[in-house]
Amino acid sequence: MTRVPPEAAGTAGAGRASPAPGPSSRPEPPPRGGRHRALGRTVGVLLLLVALPSAGTASLAWGTNPLTLDQVWWGLWRRDGAEADLIVWTLRVPRTVVGVLVGAAFGMAGALIQALTRNPLADPGILGVNAGAGFAVTLGVGLLGLTGMGGYVWCAFAGAAVATVLVYLIGSAGRGPARPVTLVLAGVALGAVLTGFSTFLTLIDEHTFRSVRTWGLGSIARVSLDDTLAVLPFLATGMLLALLLSRPLNSLALGDDLASSLGVRVVRTRVLGIVAVTLLAGGATALTGGLAFVGLMVPHVVRWFVGPDQRWIIACSAPAAAVLVLAADVLGRLVARPSEVEVGIVTAVVGAPVLIALVRARRASGL
Amino acid sequence: MARSEGPPPRVDFGYATRTVRTRSFSARIPLRSLTITVLLFALAAGVAVGALGIGDYPLTVPEVGAALTGGGEAFHRTIVVAWRLPVAVAVVVFGALLGVGGAIFQSLTRNPLGSPDVIGFDAGSYTAVVLTLLVVGSGGYWSIASASLLGGLTTAFAVYLLAYRRGVQGFRLIVVGIGVSAMLGSVNAFLITRADIDDAMTVGFWGAGSVTRVTWDGMTPALVIAALVALAATALAPSLRRLELGDDAAVTQGARPGPARLGLLVTGVATTALVTAAAGPIGFVALVAPQLARRLTRTPGVGLLSAAAMGAALLAGAHLLSLVLSQVYRPVPVGLVTVCLGGLYLIRLLVREARR
C-alpha cells in the first residue's frame with residue numbers, strides 16, 4: 001500500500017523543512033524560517049518569473065507558421081493587417097490567453113483538491129470532476145440544444161459540482177477519511193460512467209457528435225476571446241476563493257479535530273473549497289473540455305520549491321500550471337506540424353508517468 | 001461431521017458436493033456452482049437466440065426457429081444464419097472469454113478491481129488495432145488479431161514492470177494501470193481525430209465496443225483461438241487456485257509460480273485481445289462477471305467456469321438491451337451499455353469495500 005497516512009502526510013514535509021522549532025508544536029502558521037526554504041521559494045518565484053513570459057512568447061511565436069520575435073513584436077503593436085499581425089491577434093493571442101487562464105484554473109483546482117482531500121493523487125481529471133462537467137455539457141447540447149459558452153458554463157458548473165460531491169461521498173463512505181486509492185478509484189469509475197453516457201449521447205445524435213467531438217479533446221486553439229470573457233468572472237471568483245481558503249487549509253492538513261481546535265470552521269472550509277473547485281474546474285472544462293493531469297502534476301512540482309505551506313502552493317500553482325499548459329500547447333504544435341496535437345493529449349501523455357511515479361514512490365511529497 | 005464407521009470421513013466443505021469416483025478417477029463436484037454455471041450458460045444461449053429475431057427486419061420466433069433448423073424462406077435463412085447467428089455466437093463466446101480473463105486477473109492480483117479493463121490492457125490492444133487500421137492500413141483478421149494481442153501483452157508487461165517494486169501490490173498495479181490507460185486513451189483519441197470523418201465515425205463506434213459487424217469470416221478464426229484459450233485456461237486453472245494461497249504455499253502444493261503466472265498472464269491477455277480484435281474494447285464485463293458469479297455460487301474465490309458463464313449471460317443481456325434500444329431509439333454499441341451499467345456496479349463495489 002502506498003497510501004500516506006493523512007497525519008504523517010500533513011507533517012512529513014514540514015519536519016524536513018524547518019531546523020529550529022519542532023513543526024508539530026507550531027502547526028499554524030507553518031514554519032517560515034530556514035534558509036533552505038527561503039532559498040527554495042526565491043528560486044521557485046524567479047523560475048516562474050522567467051518561465052511564464054518565455055512560455056507566453058513561445059506560444060505567440062511558434063506554430064504551424066513560425067514567426068520571428070521581431071514579427072511577433074510588430075504584429076502585437078502595429079496592427080496594420082499584415083500577415084504576422086493577423087496570425088498573432090486572431091490565432092496566437094487568444095490561445096495564449098486561454099492557455100494561461102485555463103492552466104491557472106486547473107493548477108489551482110488541483111492544489112485545492114489535493115489539500116481538501118489530503119490526497120497526493122487527487123486531480124480534477126482523475127477524480128471525475130471534468131468528466132462530470134463534460135457530461136453535463138453534452139447533455140445540455142444534446143437535450144436542450146445549447147450553443148455557445150453562456151449555456152455551456154452553467155451546465156459545466158452543475159456537472160462539476162455534482163461530480164465533486166459524489167466522488168467525495170463515495171470515497172468517504174467508510175469510517176474515517178477517504179483513503180487516497182479509494183478516492184481515485186471512485187473518481188475513475190464515476191469518470192468512466194459519465195464518459196460512457198456522454199459517448200452514448202454523442203453517438204445517437206450527429207449534431208451533438210459534431211459540436212462535442214473536438215471540444216472533448218481538450219484543445220485551447222478553438223476558444224474565442226468572447227467565450228473566455230464570459231467565463232473569466234467565474235474563474236476569477238474561484239481563484240480568489242482558493243487564495244482565501246489557503247490559510248484554513250493549512251490547519252486542515254493536521255486533521256479535522258486539530259483544525260477545529262485551532263479555530264477553523266471545518267465544514268465551511270470544505271464547502272467553500274468544493275465551490276472553488278467547481279468554479280475553477282467547471283469553468284475551465286467548459287472552455288476546453290478538460291485537461292488531464294495538470295492539476296495533479298503542478299502542485300507536486302511547486303511543493304518541491306515552496307514547501308508544504310498551502311498559501312504558497314496554491315498561489316504558485318496558478319502560474320506554474322499556466323507555464324505547463326503553454327509549454328504543452330507549443331509542444332503539441334511542434335511535434336505534428338503542419339497539423340497539431342491538442343494540448344489535453346500532450347498533458348495526458350506527460351502526466352500519466354507522473355501519476356505512476358507518484359504511486360511508486362514510497363512516500364508522496366507531504367501535503 | 002465424521003461418521004463413526006467407514007474409512008472416508010465426510011468433510012463439510014461449506015457447500016453441497018457430490019463425489020464421483022471410478023477406479024482411476026475421482027472428482028468432487030460442487031453442486032451449486034455446477035447448477036448455476038449450467039443455468040447461466042443456458043440463459044446466455046437463450047437470450048442470444050431470442051435476440052436473433054430483433055433487427056431492422058424483425059422476425060417472429062417460429063420464423064427464427066424454422067430458419068435455424070434449415071427450413072423457412074431462403075431470405076430468412078440468410079438473415080438469421082449468415083448475418084445474425086455469428087453475432088449471437090460472438091456474444092456468448094466473447095462474454096465467456098471476458099469472464100475468464102477477469103477471473104484470471106482478479107485471482108492473480110487478489111483484488112476484485114484488478115480486471116483487465118480497469119488495468120488498461122484492452123486500451124493497449126485497442127491502440128495497437130487503431131494503429132494497424134489507420135496508419136498501416138491493413139484490415140485483415142490476422143493482422144488485427146495479432147496487433148491486438150501484441151498491444152495487450154506489451155501493455156500488460158509495461159503495467160506489471162511499472163507497478164513492480166519488491167512484488168506487485170494490487171492497488172499499485174491498479175493505479176499504474178489507470179495511468180497507462182489514461183495515456184493510451186488520449187493517444188487513441190488523437191489517432192481517431194486524425195482519421196477521415198467517415199473512418200473516425202466507424203472507428204469511434206467500434207471503439208465503444210460493438211459486435212454488430214462480426215461475420216462468419218471473422219468468427220471462424222476467433223472461435224479457433226477461443227478454443228485454444230479455453231484449453232490453456234483449463235490446464236492452468238489448478239495452478240491459479242494454488243497461487244491464490246500465496247507463492248510459498250503454492251510451491252508446497254506442487255505449482256511452479258513463475259511459469260504458471262506467466263502462462264496465466266498470457267492467457268488472460270489473450271482473452272481480452274481476442275475480444276478487442278473482433279469487437280473493440282467491451283468494458284467492465286471482465287470486472288463484474290467473476291464477482292457476480294462468486295456471489296451467486298457462494299464460493300470463496302472466483303471460479304473460471306462460473307465467471308465464463310456469467311460473462312456470457314451478461315454480454316448476451318447487454319446485447320439484447322442494445323438491440324432493443326436500437327429498435328426503439330438509435331443504434332447503441334453494446335460496449336456503452338456494459339460501461340454504463342458496469343461502472344455503476346464498480347461504484348457500488350467501492351462503497352461496499354469502503355464500508356468494511
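Predicted model: local features only at pLDDT ≥ 70, side-chain atom pairs only at ≥ 80, totals over all residues.
Angles under 35 degrees count as roughly parallel, over 145 as roughly antiparallel, 65 to 115 as roughly perpendicular, and anything else as oblique.

**Stop 1: α12 and α13 of chain B**

Select residues 285-297 of chain B, which form helix α12, together with residues 304-328 of chain B, which form helix α13. Their axes come within 8 Å and cross at roughly 120°.

Now show side chains at the contact. From α12(B), display Val285(B), Val288(B), Ala289(B), Pro290(B), Leu292(B), Ala293(B), Leu296(B) and Thr297(B). Facing them from α13(B) are Ser306(B), Ala307(B), Met310(B), Gly311(B), Leu314(B) and Leu315(B). Coloured by class, the contact of α12(B) with α13(B) shows eleven nonpolar residues, three polar ones and no charged ones.

**Stop 2: chain A as a whole**

Move to chain A and colour by secondary structure. Chain A has 14 helices and zero strands. Of its 367 residues, 57% count as buried. Among contacts in chain A with a separation of 6 or more, 77% join residues 24 or more positions apart.

**Stop 3: α2 of chain A**

With α2(A) still selected, pick out its buried residues. In the N-to-C order of numbering these are Arg37(A), Gly40(A), Arg41(A), Gly44(A), Leu48(A), Ala55(A), Gly56(A), Ala58(A), Ser59(A), Leu60(A) and Ala61(A).

**Stop 4: α12 and α13 of chain A**

Select residues 294-306 of chain A for helix α12 and residues 310-335 of chain A for helix α13. The axes come within 8 Å and cross at roughly 120°. α12(A) and α13(A) are therefore oblique to each other. The crossing is right-handed.

Which residues of α12(A) and α13(A) meet? On α12(A), look for Val294(A), Met297(A), Val298(A), Pro299(A), Val302(A), Arg303(A) and Val306(A). On α13(A), they meet Trp312(A), Ile313(A), Cys316(A), Ser317(A), Ala320(A), Ala321(A), Leu324(A) and Val325(A). By class, the contact of α12(A) with α13(A) divides into 13 nonpolar residues, one polar and one charged.

Terms used
Residues numbered from 1 in each chain as written. Chains lettered and ligands numbered in written order. Heavy atoms only, no water. Axes fitted to C-alpha atoms, helices over the stretch in contact; angles between N-to-C directions. Helix = DSSP H or I, 4+ residues; strand = E, 2+ residues; numbered from the N terminus. Contact = heavy atoms within 4.5 Å. Nonpolar A, V, L, I, M, F, W, Y, C, P; charged D, E, K, R; others polar. Buried < 20%, exposed > 50% of the residue type's maximum accessible area, 1.4 Å probe, protein only. Left-handed = near helix turned anticlockwise from the far one by under 90°.
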